[in-house]
Amino acid sequence: NIATDGEDRLNGKITLMADAPASAGATVSRSFKANISGDVTALFAPQYRPFFGDNVSLIVDGQRAANGALDISSLNLATAALGLNGSVTLNRDYWPTKLNLKGRIANDAATLVTLPISGAETKLREAILDVQFDSDQGNALTGIFEVTELERDGIAIAKTALTANGILDGKVNA
């Protein structure tokens with residue numbers, strides 16, 4: 001539990017497990033799981049509280065291999081305005097070997113979302129992310145990033161979209 005001012009903010013369970021090494025002296029791989037949720041609004045400035053809402057949650061399941069590769073087999077992050085889910089696999093050089101990420105920022109209400117970032121207040125109607133890559137299937141990367149009604153420091157953009165259809169070619173060490 002994480003608490004401030006005597007009130008629980010986050011509750012749940014985080015598990016770290018060292019898997020048995022394959023041989024004596026070998027580096028140990030580590031598995032991890034987290035399932036935490038709660039109301040963190042008291043920890044943020046009032047203008048950012050609607051982004052988080054009264055129930056944020058993080059559910060993640062992964063493993064760090066003995067060689068340093070990272071496999072997040074399941075990721076789900078949710079706030080009142082944000083939903084992000086998918087999986088990520090990085091090789092020992094932290095180069096992506098698999099990406100499956102989908103996300104959305106939006107309010108259910110007909111209001112703009114104030115993003116919890118530093119600097120000038122930044123608002124948007126909606127942002128969508130969808131990135132796909134699997135080195136076992138080739139080196140093709142696809143991605144979509146769309147933003148609708150972005151406002152920041154006197155700048156207003158009605159809609160912008162970035163579509164990636166390209167090649168992700170780099171180190172592919174297992």
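Colleague: Which residues does Val60 touch, not counting residues up to four places away in sequence?

Modeller: Start with the term. Contact means heavy atoms within 4.5 Å. On that rule, Val60 touches Phe32, Lys33, Ala34, Ile72, Ser74 and Leu75, leaving out residues up to four places away in sequence. A word on the model: it is predicted, so local features need pLDDT of at least 70 and side-chain atom pairs count only at pLDDT 80 or more, while totals for chains, interfaces and linings use all residues. Residues are numbered from 1 along each chain as its sequence is written, and side-chain values use heavy atoms, with hydrogens and water left out.

Colleague: Where does Val60 lie, and is Val60 buried or exposed?

Modeller: Strands (E, at least two residues) and helices (H or I, at least four) are DSSP runs, numbered from the N terminus. Val60 belongs to strand 4, residues 56–64. Buried means under 20% relative accessible area, exposed over 50%, and partly exposed in between, with a 1.4 Å probe and protein chains only. Val60 has 13% relative accessibility, so Val60 counts as buried.

Colleague: How many bridges join strand 7 to strand 10?

Modeller: The pairing rule is that DSSP finds at least two bridges between two strands. Strand 7 and strand 10 run antiparallel, with nine bridges. In that pairing, Lys102 stands opposite Asp130. Strand 10 also pairs with strand 11 (residues 140–152), antiparallel over eight bridges. There, Asp130 stands opposite Ile144. Strands 10 and 11 form a hairpin with five residues between them. Gly138, in the turn, has a positive phi of about 130°.

Colleague: How many salt bridges does the count come to?

Modeller: The rule asks for a side-chain nitrogen of Lys or Arg within 4 Å of a carboxyl oxygen of Asp or Glu. The count is six salt bridges. One of them joins the side chains of Asp130 and Lys102, at 3.7 Å from N to O. Asp130 sits in strand 10 (residues 126–134) and Lys102 in strand 7 (residues 96–106), so this pair ties together parts 28 residues apart in sequence. Asp130 is partly exposed at 22% relative accessibility. Lys102 is partly exposed too, at 39%.

Colleague: What does Glu126 form with Arg104?

Modeller: Another salt bridge, with the closest N and O atoms 2.6 Å apart. Glu126 lies in strand 10 and Arg104 in strand 7, so parts 22 residues apart in sequence are tied together. Arg104 is partly exposed at 43%.

Colleague: Which residues touch the most other members of the largest nonpolar core?

Modeller: A nonpolar core is a set of buried Ala, Val, Leu, Ile, Met, Phe, Trp, Tyr and Cys residues joined through side-chain atoms within 4.5 Å. In the largest one, of 14 residues, they are Phe51, Phe52, Ile105, Val113, Leu115 and Leu124. Apart from it lies another core of 13 residues, among them Ala34, Leu75, Val88 and Val131.

Colleague: How many aromatic pairs does the search find?

Modeller: Two. A ring pair is described by the distance of the centres and the angle of the planes. Rings of Phe, Tyr and Trp (its six-membered ring) pair if their centres lie within 6.5 Å; planes under 30 degrees apart are stacked, over 60 edge-to-face, the rest tilted. Phe44 and Phe52 are stacked, at 4.1 Å centre to centre and 15° between the planes. Phe51 and Phe52 have centres 5.1 Å apart and planes at 80°, so that pair is edge-to-face. Phe44, Phe51 and Phe52 form one aromatic cluster. Phe44 is partly exposed at 29%, whereas Phe51 and Phe52 are both buried.
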